[in-house]
Every structure is written in structure tokens, then in C-alpha cells.
Amino acid sequence: IEIQSGKFYLEERLEKEELKKDEIGYVLSSPMVPEFLTAKEFLKFSIDINKDKIKNIKDIDYYFNLVKIEPKDQSILLKDYSHGMKNKIQILINIISNPKVILLDEPLTSLDIVVQEEMKKLLKSLKKNHIIIFSTHILELAMDLCDEIVVLNNKKIELIEKNNLNSKKYKDKIMNSLKEQIYD
């Protein structure tokens, strides 16, 4: 979808630069993948159309190993992939395209516990070279993965200090505020 108006900026060390749309990656909570392709076809296609933008293109097997997709599963149509496997493919496409900012909307909720741990390790490694904005309703996941946590509270974004999250008083304040929003 083309941007109709507005611009995105990234400010680091007091320098502000405009972000182009190909510098922003995203993983949707409802995976969007071309279901008529196999995983291998989709990865080859993605690499091919982005080869001018990708630095240090690796062998396709390297990428599949990164997210632990077995060779037998690489030739299956994406329409036959589970929700979690489609999310793995979405994350993998972002790893390959290497955007500056990656937006993640509930990317781990459909994965089994073993795959969640694998993907958490991968996301932690991605934090070194990317800005990751992670949307989740699972507070423990945010605490484990995020350097900074904000909540939408009474229509305002509020920065949360991680050490406050261990305080029962603070948790109760957040929960009561959220209950008010739900029942209003």
C-alpha cells in the first residue's frame, strides 16, 4: 500500500533521517504469504527481487537453517503451512531484506513453546542491528525481549519502567486502568 501522506523518521545520536518504506519491515499477526508458492520458491523470489538491496546474500539453505525449517518442509506449498510456520517465513523474509526497523505484531503467539524459544533467541540477536517494535499482549514476553516497554493506557502511550513491573502496586494500577477502558 502506498503511503498517502506523512513521513517516518529515525533519530539517532541527534541526527534525524527520513526512513524509506523499504527500510521498514513487518510481520503481521495474520501471516500474509503467497500460498501458491513453496517456501523455497518464495525465498528465492524474495532474494531475486531484492538482490540489489541485500548485502551479503547467503545460500538459501543458510536462511532455512536459521529458522529451523527442514528440507522436507521447504518444498511444501505455503498454503499448507501452519500459522506458526507462516510467521517463521515472514520473519525470515525480514532477516533477508534487512530493514532498519522491523514491526512485529504478535509474531510468537501461534508457535509452540520450543519454537517460541528458538525465535526469541533469533529476535534477540536481531536487536543488535535493527530497531524492533514489538506488539504483544503477553507482558512476560515483552519483559523478556524488549529494552523499553510502553502501554496504551487511557488513550495515551505510557513508558513503563521494567523494575516497576515487579511491583504489585504498579501492576494493579495498570490492570485497574485497563479494566476501566474495557468496561466504559
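1. Alanine 142 is buried, at a relative accessible area of 7%; buried denotes under 20% relative accessible area, exposed over 50%, and partly exposed the range in between, with a 1.4 Å probe and protein chains only. This alanine is found in helix H6. Helices (H or I, at least four residues) and strands (E, at least two) are DSSP runs numbered from the N terminus. Leaving aside neighbours within four places in sequence, alanine 142 is in contact with Thr136 and Ile149, a contact being heavy atoms within 4.5 Å. Between alanine 142 and lysine 171 there are 14 Å in space, C-alpha to C-alpha, and 29 residues in sequence.

2. The model is predicted: local features need pLDDT of at least 70 and side-chain atom pairs count only at pLDDT 80 or more, while totals for chains, interfaces and linings use all residues. Residues are numbered from 1 along each chain as its sequence is written, and side-chain values use heavy atoms, with hydrogens and water left out.

3. The chain as a whole contains seven helices and seven strands. Their order from the N terminus is β-β-β-α-α-α-α-β-α-β-α-β-β-α. The C-alpha trace spans about 50 × 40 × 30 Å along its principal axes. Of the 184 residues, 36% count as buried. Among contacts with a separation of 6 or more, 57% come from residues 24 or more positions apart.

4. Three strands form an open sheet in the order E3-E4-E5, with parallel pairing; two strands pair if DSSP finds at least two bridges between them. Strand E3 (24-27) and E5 each have a single partner strand and stand at the edges, so one side of each is left without a neighbour in the sheet. From one strand to the next, the twist averages 15°. E3 and E4 are joined by four bridges, and isoleucine 24 stands opposite valine 101 in E4.

5. Helix H4 lies across E3 and E4 and runs at about 170° to E3. Such angles run from 0 to 180 degrees between N-to-C directions, the axes being lines fitted to C-alpha atoms, for helices over the stretch in contact. Of the 15 residues in H4, 13 are buried. Asparagine 98, which follows H4, has a positive phi near 55°.

6. Helix H5 (residues 113-126) has 14 residues and reaches 20 Å from its first C-alpha to its last, close to the 20 Å expected at 1.5 Å a residue; the expected span is 1.5 Å times one less than the number of residues. Val115, Met119, Lys120, Leu122, Leu123 and Leu126 are buried in H5. Seen down the axis, these buried residues fall within an arc of 165°, so they line one face of the helix; the arc is that of the directions from the helix axis to the C-beta atoms. Ile113, Val114 and Lys121 are exposed on the other side of H5.

7. The cover over the buried residues of H5 includes helices H2 (60-66), H4 (83-97) and H6 (139-145), together with strands E4 (101-105) and E5 (131-135). At the N-terminal end, aspartate 112 caps H5, with a side-chain oxygen 3.0 Å from the backbone nitrogen of valine 114.

8. Glutamine 74 lies in helix H3 (residues 71-74) and counts as buried at 4% relative accessibility. Not counting residues up to four places away in sequence, glutamine 74 touches Thr38, Ala39, Lys40, Asp61, Phe64, Ile69 and Tyr81.

Methods. A polar contact is a pair of N or O atoms within 3.5 Å; within protein, one must be able to donate a hydrogen and the other to accept it, and residues adjacent in sequence count only if both atoms are side-chain atoms.
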